[in-house]
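Could you walk me through this structure in my viewer, one selection at a time? I am new to it and would like to know where to click next and what I will find there.

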Amino acid sequence: MTYRVTVYLLGMFVNFFGVALIINATLGAGFWTSFFIGMSDLFGLTVGTWYAIFQFLIIFVNGWLIKQAPEFRAVIPVILEGFILDFWLEIVFGHLDFSTAPFLLQVVMLISGVLITGLGVAIYIIPEFPRAPVDQLFLTVSRRFNLSLRMGQTVVAVVMATSAFLIGGPVGLGTLAGILFLGPAIQFWYMKTYPMYYRFHPNYQDEIELIS
């Protein structure tokens, strides 16, 4: 259990380090963030409030897609992710401003952020603990329509980016990078990290010793 929890939390920290890089690159928000900003501009309330509202609604969407009861345990990672994202944005990057940084540096931050986010998501979905509803959504779409992780993520990204654009959200280069590269990044890192997870899993190691 300790091993699974450690990997789960490690994945979250890596994931939101990548998200913080994308945000601080200031080249356009991710597809989910763009949508929440658009909703905030249209109807008021804070971006964080819309984030929470849609996370809750997506719990029911995920259950409906796979014809199962809603997984209310998904509230747990929503709370954890809030603290972890604030750690990166407010403590680590809080006093840094990259809005006037050279464009090349911003592009490097953006690309690195997408790759690192993909790595973090791949790590934190492996232990099969409750996932945030927005993260579970692409897995549910992949399972429901028999798609790869890459295609499931890309479908969700295109739908949300289009929705963000239609309501006036800040769709930009960062949004496009998420659509094009986040799905493939998750797929790539998942294929790499999945065997590593079981290679170092204590129970798996015990089975290897018994076989040998």
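Start by colouring the chain from the N terminus on: its elements run α-α-α-α-α-α-α-α-α. That comes to nine helices and zero strands. Keep in mind as you look around that this is a predicted model.

**The whole chain**

Taken along the principal axes, the C-alpha atoms fill a box of roughly 60 × 40 × 30 Å. For 212 residues, a compact globule would have a radius of gyration near 17 Å, and the 18 Å of this chain agrees with that.

Of the 212 residues, 44% count as buried. Colour by charge next: the mean positions of the 9 positive and 11 negative charges lie 14 Å apart.

**Into the core**

In soluble globular proteins, nonpolar side chains tend to be buried together. Which residues have the most contacts inside the largest nonpolar core here? Select Phe-31, Trp-32, Phe-35, Leu-110, Leu-137, Phe-138 and Val-156, and you have them, out of a core of 46 residues. Two or more residues of this core come from each of these elements: H1 (2-25), H2 (31-43), H3 (47-65), H4 (75-92), H5 (103-125), H6 (133-144), H7 (149-166) and H8 (173-199). H1 gives the most, with seven residues.

Centre the view on Val-156 and show its surroundings. Leaving aside neighbours within four places in sequence, Val-156 is in contact with Trp-32, Leu-137, Phe-138 and Val-141. Then look for a second, separate core: it has five residues, including Tyr-3, Val-7, Ile-123 and Ile-126.

Move on to helix H3 and pick Trp-50. Is this residue buried or exposed? Trp-50 counts as buried, because its relative accessibility is 11%, below the 20% cut-off. Not counting residues up to four places away in sequence, Trp-50 touches Phe-36, Met-39, Ser-40, Phe-43, Gly-44 and Leu-45.

**A buried glutamine**

Next, go to helix H6 and select Gln-136. With a relative accessible area of 16%, Gln-136 is buried. Apart from neighbours within four places in sequence, Gln-136 is in contact with Asn-62 and Arg-131.

Most residues other than glycine have a negative phi. The last two stops go the other way.

First, select Thr-26, in the loop between H1 and H2. Its phi is near 55°, a positive value in a residue other than glycine. Thr-26 is partly exposed, with a relative accessible area of 41%.

Then jump to the loop between H5 and H6 and select Glu-128. What is the phi of Glu-128 near? The value is near 65°, again positive in a residue other than glycine. Glu-128 counts as exposed, because its relative accessibility is 60%, over the 50% cut-off.

How values were computed: Residues numbered from 1 in each chain as written. Predicted model: local features only at pLDDT ≥ 70, side-chain atom pairs only at ≥ 80, totals over all residues. Heavy atoms only, no water. Core = buried A, V, L, I, M, F, W, Y, C linked by side-chain atoms within 4.5 Å. Buried < 20%, exposed > 50% of the residue type's maximum accessible area, 1.4 Å probe, protein only. Helix = DSSP H or I, 4+ residues; strand = E, 2+ residues; numbered from the N terminus. Contact = heavy atoms within 4.5 Å. Rg over C-alpha atoms; globule rule 2.2 N^0.38 Å. Lys, Arg positive; Asp, Glu negative; His and termini not counted. Charge placed at Lys NZ, Arg CZ, Asp CG, Glu CD.
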